[in-house]
Amino acid sequence: MKEFLVAMMIFFLFGEAKAQHLVVTGPAGAGVKKLEKIVVFRDGLAQYSSSLDTIWPHQNTFTYERQLKEPEHYTFKFNFVGGADEVIEFWGTSGRYHIDFDENLRMVIRQGDKVFDSKIRKLEKDIANYNLKLQDLLKNLNYENQSIESVEKQIQKIKDSIADEIDQKIYKKYQSYSSEPIALYALIKYAERPYEKQRVKDKPQEISTILESLSPEIKNLPSAKLLRDKLNTAKNLVVGKMFQDVELPDTLGVMRRISSYRGKYVLIDFWASWCTPCRDEFPNFIKVYNKYMNSGFEIIGISLDTKEIFWKEAIKKDGISRWPQLIDQRGITREKYAIRFIPENYLLDPDGKIVAKNLKGEDLLKFLEQKFKE
C-alpha cells in the first residue's frame with residue numbers, strides 16, 4: 001500500500017506537465033540594490049545541456065514561471081546596477097520559491113520545496129567526503145625508497161578504490177529509490193563514470209537494465225528518455241560494430257569522410273584546443289604515428305573547437321599537422337557519437353569496424369604491434 005501511495009504521488013507530481021508549476025518571485029528588499037537583469041540557466045536531471053532565460057525586473061521585482069516535467073537545476077545570476085553580480089543556485093520542483101536579501105544583503109531562498117534539493121546536496125556532500133578521504137590517503141603515501149612507477153601504481157590503486165566506493169555506496173544506493181527522481185539522477189551520474197570509460201558507452205546493457213528497473217513514472221521522465229537515446233547510440237559504438245561515417249572540413253576547408261580512409265587501421269581522436277588531457281597525449285600519438293604510418297596506420301583528429309583560430313594554433317604548436325585534422329564546429333559528432341567528455345578515441349580496422357576504444361600511450365602501441373604481427 002505504501003509503495004502504491006508513493007507511486008501515485010510521483011505520478012501526480014511528474015506524470016503530467018500541467019501538474020508541475022514552478023514560480024520564483026523576488027526580491028522583497030526593493031531599493032536595497034537596483035536590479036538590471038537576471039540570467040537564468042536551467043538543466044534537467046541529466047544536465048546534458050543548459051538552457052538560458054533572461055528576466056527583466058520591474059521596479060526591482062520579478063516573477064519567473066515554468067511548467068516542469070521533472071526537477072530542474074537553476075542558477076540565477078543577478079546583475080546589479082553599479083555592483084558585483086550575485087549567483088544563487090538550487091534544484092526546483094513544483095511550488096513557489098521566493099528569493100530575497102538576508103541581513104548581509106546576500107541573495108537567499110526564503111521558501112520553496114527544498115526536499116529534492118536537500119537529497120542531491122546530501123549525495124554531493126557524501127561524495128565530497130570521499131574525495132577528502134582520497135586526498136588524505138594520497139598525502140600519507142610514503143615515497144621513500146620507491147620508484148616513480150611504483151608510486152604511480154599505488155596512487156591509481158587508491159583512486160580506483162575510492163571511485164568504486166563512491167559508485168557502490170552512493171550512486172548505487174540512491175538508485176534503490178526507484179520511485180523517486182533521485183534514483184534517475186544517481187543512475188545518470190553512475191552511467192557517466194569512470195570518465196575515461198563511461199559505462200553508458202562501455203556497458204550500455206548494464207545501464208539499460210537498471211534504467212528499466214525504475215518505476216514507470218521515473219523511467220518516462222524527459223531525462224530518462226535522453227539517457228535511453230544515448231544508450232541506443234552507444235550500442236552502435238561498441239567493439240565489433242561499424243563506425244558510423246561522418247563528413248567534416250579539414251584545415252583547408254575541404255570536406256573529408258572517415259570512410260575514405262578505409263584500408264588502414266585508423267585512430268579517430270576527439271579533442272579540443274582547450275582540453276589539456278587531450279593535448280598531453282599527442283607526444284605519445286606522434287611516436288606511434290612515426291612508427292606505423294608506413295605500415296597501414298592513420299590518425300584522424302576531430303576537434304570540438306568552435307573557433308578555427310584556436311584549433312589551428314594548437315595543431316601548429318603541438319606538431320600534429322602530419323595527420324588529417326578535421327573540425328566539428330556545429331556539434332554534429334557530439335550527438336552522433338554521444339560525446340560527453342574528451343579525450344575520446346576509437347580504433348578502426350581496415351574495414352571500418354571498431355576494434356578498440358580509448359587507447360593511450362603504451363596500450364595503443366602494444367595493440368598495434370600485435371595487429372601488425374598477425
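**View 1. Aromatic cluster of the predicted model.** One aromatic cluster is formed by F62, Y64, Y74, F76, F78, F80, F90, Y97 and F101. The model is predicted, with local features requiring pLDDT of at least 70 and side-chain atom pairs pLDDT 80 or more, while totals for chains, interfaces and linings use all residues. Residues are numbered from 1 along each chain as its sequence is written, and side-chain values use heavy atoms, without hydrogens and water.

**View 2. The aromatic pair of Y64 and F76.** Rings of Phe, Tyr and Trp (its six-membered ring) pair if their centres lie within 6.5 Å; planes under 30 degrees apart are stacked, over 60 edge-to-face and the rest tilted. This rule gives a count of 24 aromatic pairs. Y64 and F76 pair edge-to-face, at 5.6 Å centre to centre and 85° between the planes. Because Y64 belongs to strand 4 (residues 62–67) and F76 to strand 5 (residues 72–80), the pair ties together parts 12 residues apart in sequence; strands are DSSP runs (E, at least two residues), numbered from the N terminus. Y64 is buried at 6% relative accessibility, where buried means under 20% relative accessible area (1.4 Å probe, protein chains only). F76 is also buried, at 0%.

**View 3. The aromatic pair of Y74 and F76.** This pair is tilted, with 6.3 Å centre to centre and 50° between the planes. Both Y74 and F76 are buried.

**View 4. Charges over tyrosine rings.** A charge sits over a ring if NZ of Lys or CZ of Arg is within 6 Å of the ring centre and within 35 degrees of the ring normal. The charged end of R199 is placed over the ring of Y190, 4.0 Å from its centre. K230 lies over the face of Y48, 4.6 Å from the ring centre.

Notes: Helices (H or I, at least four residues) and strands (E, at least two) are DSSP runs, numbered from the N terminus. Buried means under 20% relative accessible area, exposed over 50%, partly exposed in between (1.4 Å probe, protein chains only).
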